[in-house]
Amino acid sequence: MRVGAFLLSAQFPGQSHAEVLDRTVRAAVEAERAGLDSVWLAEHHFVPYGVCPNAATLAALLLGRTRRIGVGTAVSVLSTAHPVALGEQAALLHLTSGGRFTLGVGRGGPWIDLDVFGSGVDAFEQGFPERLDLLLRWLRGSRVGADGPQFSFPEVAVVPRATEPLRRPGLGSWLGLDESAPVRFPRQRQDAAPLRGEPTRGEPVRTDPLPEDRLRDDLTAAGRPVAGPPVVVACTSPGGVGLAAERGLPMLLGMHSGDEDKLRMLELYRTAWLAAGRSEEQLRRVSRQHVAAGVAQVDDRASAARATLLNAMPGWFEYGLGAHRTVDGRERKMRDPRQYTELLCDLHAVGTPRQCADRLLATAERTGIRRFALLAEGSGDRAATLHNIARLGSEVLPQLS
């Protein structure tokens, strides 16, 4: 099982944007120190629900601040981004990080973002397949042109090319040194306190090797590994599930999905996968790469874990989600913030370390999903978030083996 932290850069009432982003950066560093597999970053525009407007840009920063952990977007919104521009970013991060970057993409919502960035409501309602296909051609090819209703341009060279073999960084590269020259270790500075989550002098530094399967998540139609960054697709509807299966891409399932919902989505995926002419063996392989988003809050008592989330998350939901504006004034319905928080507590890893582990193991056994992106910042507090991630790594992960 591969467990990661889902970081929305959520702005809880009373917090500044800088405070929120600082919490996100420190949480990612703590996640690596705690031994988590990955961090997943969301992007939003114009709302305090999440104050990161470009997940790929933040991923670049975090890949530079870390050494081992995978960093993914959950998601980069294709309805407001040019697929070629996003593909260039993804290739750059893939090549410079030694394959630690995963690109998660989705449609987003019918928000005012579509007007601001000029893509229009059609990009959300009808344009996602064309955008996804152009992105995949860019990530997997050497020359790409387009002749579609949304994008039309002559063939151009793909630079940088994500399909080039990766150069695994050595120790000198991690230290920013010329690897052709003798490695000389700089003196350690002692005049500044480290960030919480960064190793201090005398503390062991994790040097786990990069998991090889991080480089082989996607499959071609023939079932062969695809070079370049892994791509996952956020799926919230049957249409999205079918699209992911037809393109041979794993799914990212949302926090609102319980095990029964996940099973329904997996069955839809299986039907669409086989209808596309792929085999059961190929399906088993790609199914190992599905990702389920959820919530994790670890405490000594289940009631305390729930209370932490129930005290903080309803206010954030009301404050953050309530700020969304639709692109064309269409009516939108919002979940009751407290009821939604209670649902998330019921569905996910909220409780004692043993209860959190049991919840993850039960979902894995029931659905076959082995990868999780768990919202760890539900308290809204920086110190509490870092402590929660540390307990997830030290007390929950060992019970999942």
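When α1 passes α2, is the crossing right-handed or left-handed? Keep that in mind while you set up the view, and remember throughout that this is a predicted model.

**The whole chain**

Begin with a cartoon of the entire protein, whose secondary structure comes to 14 helices and 12 strands. If you colour by accessibility, buried residues make up 52% of the 401 residues. Among contacts with a separation of 6 or more, 72% are between residues 24 or more positions apart.

**Helix α1 and what covers it**

Next select residues 17-34, which form helix α1. At 1.5 Å a residue, its 18 residues should span 26 Å, and the end C-alpha atoms, 25 Å apart, agree with that expectation. Now show the side chains: the buried residues of α1 include V20, R23, T24, V25 and R26, and the list goes on to include E30 and E32. Just after α1, select G35, which takes a positive phi of about 90 degrees.

**The crossing of α1 and α2**

Keep α1 and α2 on screen and hide the rest for a moment. Their axes come within 10 Å and cross at roughly 40 degrees. Angles under 35 degrees count as roughly parallel and those of 65 to 115 as roughly perpendicular, so α1 is oblique to α2. As for the opening question, α1 passes α2 in a right-handed crossing. Select T24, V25, A28 and V29 in α1 together with L58, L61, L62 and R65 in α2, and you have the residues through which the two helices meet.

**Two nonpolar cores**

Bring back the whole chain and select V39, V105, L132, M251 and Y269, which have the most contacts inside the largest nonpolar core, a set of 67 residues. Helix α2 gives the most to this core, with 6 residues. Centre on M251 and, leaving aside its neighbours within four places in sequence, look for its contacts with V233, C235, V241, A244, M265, L266, Y269, H290 and V291. A second, separate core of 30 residues can be located by selecting A74, A305, F317 and V350, which it includes.

**Backbone details in the loops**

V75 is in the loop between β3 (70-73) and β4 (76-77). Then move to V159 and P160, which are also joined by a cis peptide bond, here with omega about -5 degrees; P160 is in the loop between β7 (152-157) and α7 (171-174).

S9, in the loop between β1 and α1, has phi near 55 degrees, and S9 is buried, with a relative accessible area of 1%. F46, in the loop between β2 and α2, has phi near 70 degrees.

Select L392 in helix α14, which counts as buried at 1% relative accessibility. Although L392 and G4 are 388 residues apart along the chain, their C-alpha atoms are separated by 9.7 Å. Beyond its neighbours within four places in sequence, L392 is in contact with V3, L36, A296, V298, L374 and L397.

Now select helix α9 (residues 259-275) and helix α13 (residues 353-367), whose axes come within 10 Å and cross at roughly 30 degrees. The two are therefore roughly parallel to each other, and their crossing is right-handed. The contact is made by D259, E260, K262, L263 and L266 of α9 and R359, A362, T363, R366 and T367 of α13.

End at Q339, in helix α12 (residues 337-347), which is exposed, with a relative accessible area of 56%. Its C-alpha atom is separated by 8.4 Å from that of P314, 25 residues apart along the chain.

Conventions. Residues are numbered from 1 along each chain as its sequence is written. This is a predicted model: local features need pLDDT of at least 70, side-chain atom pairs count only at pLDDT 80 or more; totals for chains, interfaces and linings use all residues. Side-chain values use heavy atoms; hydrogens and water are left out. Helices (H or I, at least four residues) and strands (E, at least two) are DSSP runs, numbered from the N terminus. The expected span of a helix is 1.5 Å times one less than its number of residues. Buried means under 20% relative accessible area, exposed over 50%, partly exposed in between (1.4 Å probe, protein chains only). A nonpolar core is a set of buried Ala, Val, Leu, Ile, Met, Phe, Trp, Tyr and Cys residues joined through side-chain atoms within 4.5 Å. Contact means heavy atoms within 4.5 Å. Axes are lines fitted to C-alpha atoms, for helices over the stretch in contact, and angles run from 0 to 180 degrees between N-to-C directions. Angles under 35 degrees count as roughly parallel, over 145 as roughly antiparallel, 65 to 115 as roughly perpendicular and the rest as oblique. A crossing is left-handed if the near helix is turned anticlockwise from the far one by less than a right angle, and right-handed if clockwise.
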